[in-house]
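Welcome! Take a moment to look over the chain before reading on.

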Amino acid sequence: MIYAIFMIFTLIVVIIAFYQWQYFMIFTPTYYREDILDGHFEMVSIVMSDGVALEGVVFTPEHFASTLLFFAGRSEDSIGLIKKLSLTFTNTRIITFNYRSYGKNKGSINEKNMLEDSLKIAQIVQKNYGDFYLLGFSIGSSVASFVASQQSVIALFLIGAFDSMVGLVKQKYGVNLSWILRYKFDTATFLSKVEAPTYIFVSKSDGITYIQNARALQKHGKSIVLFEELNNLHHKEILWDARVTNKINEVLY
């Protein structure tokens, strides 16, 4: 009897620990600023309904053909990326915001407020800057897919995308842990509702998101115009690969 109680108690402790551990596996709040931003970059802020202010930045080149809203990955400071983004998409106005607890932002990040905040950001971008393209990298691809399922965009670019967190975990560990997963990030469901032309770029050598999950995602997109599988690129490399950025630039211009 005592042994059975001990085993049940141990199981409960393990489940609770795993549930909490997921936060640190999914979210890695990051702050880094290496570049000094000149007059082409404007720091902006949006206050959410609960009073949390999110920092953002707008890059406006002297001549631009389009506007791009960018959602970053799990371990990136979007503001810290803006200089590199501006050098990659030189003739595009680029807008990006940090998630809660990322960069200088306060608050605690979770899937619900991550999606809700991003949709509000997109709505404000539409109101103030007009029609825009949407780019999401890694977990940001799930965020971008959600936004595009709710808000009209010119086109959607997904880099390092996956079908869902459930799918990723199943691919990695070989078991379905949907019953205990704290975060779903069901990109496949979001993408099935997207009407905008969609461009997906993934790597067979990603190492973080698996090609099987990307291929599973592809089956759910009804507006995919390009699904490109690249070789020998790790997760962080694919965002900046010339084959990816050149294609995106072609569409943007």
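This report visits some loops and some aromatic rings.

## About the model

This is a predicted model, in which local features need pLDDT of at least 70, side-chain atom pairs count only at pLDDT 80 or more, and totals for chains, interfaces and linings use all residues. Residues are numbered from 1 along each chain as its sequence is written, and side-chain values use heavy atoms, leaving out hydrogens and water.

Ser 101 sits in the loop between strand 4 (92–97) and helix 3 (111–129); helices (H or I, at least four residues) and strands (E, at least two) are DSSP runs, numbered from the N terminus. Ser 101 counts as buried because its relative accessibility is 18%, and buried means under 20% relative accessible area, exposed over 50%, partly exposed in between (1.4 Å probe, protein chains only).

Phe 185 also has a positive phi, near 40°. Its loop runs between helix 5 (165–173) and helix 6 (187–191), and Phe 185 is buried at 0% relative accessibility.

## Aromatic pairs

Rings of Phe, Tyr and Trp (its six-membered ring) pair if their centres lie within 6.5 Å; planes under 30 degrees apart count as stacked, over 60 as edge-to-face and the rest as tilted. The count comes to seven aromatic pairs. One of them is the tilted pair of Phe 41 and Phe 59, with 5.0 Å centre to centre and 35° between the planes. This pair joins strand 1 (residues 41–47) to strand 2 (residues 53–59), across 18 residues. Phe 41 and Phe 59 are both buried.
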